[in-house]
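Please look at the following structure with its sequence. The report below takes up strand pairing and then some backbone details.

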Amino acid sequence: MSVKILGIESSCDETAASVVEDGRLVLSNVISSQIDIHTLYGGVVPEIASRKHVERISQVVDKALSDAKCSLSDIDAIAVTYGPGLVGPLLVGVSFAKSLSFASKIPLVPVHHIEGHICANFIENKELEPPFLCLVVSGGHTHLVMVHDYRDYEVLGKTRDDAAGEAFDKVARAIGLGYPGGPKLEKAALNGNHEAIEFPKAKVAGSVYDFSFSGLKSAVLNYINQCNMQNIEVVPEDIAACFQDAVTGVLADHAKAAIEEYKPKAFAVAGGVASNGALRDRLQKVCDECGIPFYKPSPILCTDNGVMIAAAGYHEYMAKNFAGLDLNAVPALKLGER
Amino acid sequence: MKLLGIDTSGMVASVAVMEDDILIGEYTLNYKKTHSQTLMPMLDELTKALELDLSTIDAIAVAVGPGSFTGLRIGAAAVKGLAMALDKPVIEISTLEGLAYSCCESEKVVCPILDARRKQTYAAGYEFDTVAKEVIAQDALAIEDFIEKVNAYGKNALFLGDGVPVFKEDIEKLCTVPFSFAKPGQNRQSASSVLRAAKDKFDKGELKQGDELRLNYLRVSQAERERAEKGL
């Protein structure tokens, strides 16, 4: 008997829903992105995001069911992101999922957004099973995680300040590329001189696997200011190339150190920044050097989506971790917390 | 005919069920716990106490604003989930009209006023014949501006809502028409008054599908306001 999970995701600016079978097989994947609206403001505006979620949630879930050729009665459990994320957006998905579960008598399972990103790797890599090491990099998160088992995560390191994706967005804005910074900066970097500027690779004292990106971001801003004061032409492509090298270099160095210490049998990357080509190349190289397989989701599964929530929800369902009707949004939910 | 009513537009969380013209159950809490934690357990308790099979209801009425942005969304998202699971239509009720229905026997102009922060109120004026007639259009405005409209309308006014304790002094100072305040216990939102407002709309067939439900915040977000102020 196969298990069908309906996954609902609304933690930031994507309203998304999906039906996934047995945690691996995608039956539908509907994402309603609000990026056009937030681009006007240079970043996600939580109140606008919340308003859009509540407008679109029914249509998105309805389409996820019809694309999967399912009705609610075919669904074994509803999985919903309850944190971490923006509280207003999270509350829309959580409130909708709770009432849908209540009125349809389908069990509800709570899903951690980052665990969702990690589980996105199970979709296209059928052979991937824990234990493995995973780097989660997105606009809100930078975590190096040892996945001991399904639902058993150990955070080896995380960012002390900005997330990697946040640094991409801020630097992209500073060099006039606009929002969303990640893809635009990656494109600009293709035409940049990688030797032009040397930015620092920040290390966090006393914690090998923690990250810090605010120093790097400041270094970029200082460089731009100095150029402006000395009337030196700023070349956005060069900054993009050298900044991207610095970020992906730190991420790859940490990954390599953790692989050498923990000796995982596989390495995976997840989250929005995981679709960055330069990062994927570097991590591939690290894994080749260490002789372990490297797993990465397709770009569409790196961004926020309902598939990953349904995939993670499958394991919550199998473990019978059901949510009560008082489930609340937890904006600062920690990884591994239940 | 059975209607389920929900109001989460303010501090109050309230759910109620009406069968024909009889209120058969209501559960209202005016407590600081978030609606996200209270609303669904309340609905669960209410349906259990009434041994109510939710699939037997005909429509779901909900207060769609103005009010607390987050509160409104918790209610609307919950109603959308219920509507999809039960395949039932929804009825949009203005929070202010719903609140006014708690004093629908009054011959005065019933003026619900909510605290909208930023020194403003969400307010409107209604007169009741068989149904509510909006005689002062709902708006987000300064209390002074609203009182001016009440004075201009020239009839006796009855104020209610969570704006009353906030703006009482302004009302007493500025109101030139005879006025009074709603009686204790009927001065806040409740799902039963939402249902009173919904009954007539149900009879007239003013129903929507759950996915068509829209909130009426009466205010754009701060980011949109600031962008507009910059002339963008």
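Strand 6 (residues 109-115) of chain B runs antiparallel to strand 7 (residues 120-128) of chain B, and four bridges pair them. Within this pairing, B:Leu114 has B:Tyr122 in strand 7 of chain B as its bridge partner. Here helices (H or I, at least four residues) and strands (E, at least two) are DSSP runs, numbered from the N terminus, and two strands pair if DSSP finds at least two bridges between them.

This is a predicted model, in which local features need pLDDT of at least 70 and side-chain atom pairs count only at pLDDT 80 or more, whereas totals for chains, interfaces and linings use all residues. Residues are numbered from 1 along each chain as its sequence is written, while chains are lettered from A and ligands numbered from 1 in the order in which they are written.

Both strands belong to an open sheet of five strands in chain B, with the order 8-7-6-9-10 and mixed pairing. At its edges are strand 8 (132-142) and strand 10 (179-181) of chain B, each of which pairs on one side only. On average, neighbouring strands of this sheet are turned by 20° against each other, direction ignored. Helix 4 (residues 143-153) of chain B packs on the sheet and touches strand 6, strand 7, strand 8 and strand 9 (157-160) of chain B, and its direction makes about 150° with that of strand 8 of chain B. For such angles, axes are lines fitted to C-alpha atoms, for helices over the stretch in contact, and the angles run from 0 to 180 degrees between N-to-C directions; two residues are in contact if their C-beta atoms, placed from the backbone, lie within 7 Å.

Most residues other than glycine have a negative phi, and most peptide bonds are trans.

A:Lys69, although not a glycine, has a positive phi of about 55°, and A:Lys69 lies in the loop between helix 2 (46-67) and strand 4 (77-83) of chain A. Is A:Lys69 buried or exposed? A:Lys69 is exposed, since 10 other C-beta atoms lie within 10 Å; a residue is buried if 20 or more other C-beta atoms lie within 10 Å of its own, exposed if 12 or fewer, and partly exposed in between, with C-beta atoms placed from the backbone. A:Arg151 also has a positive phi, of about 75°, without being a glycine, and is found in the loop between strand 7 (142-149) and strand 8 (152-158) of chain A. A:Arg151 counts as partly exposed because it has 18 C-beta neighbours inside 10 Å.
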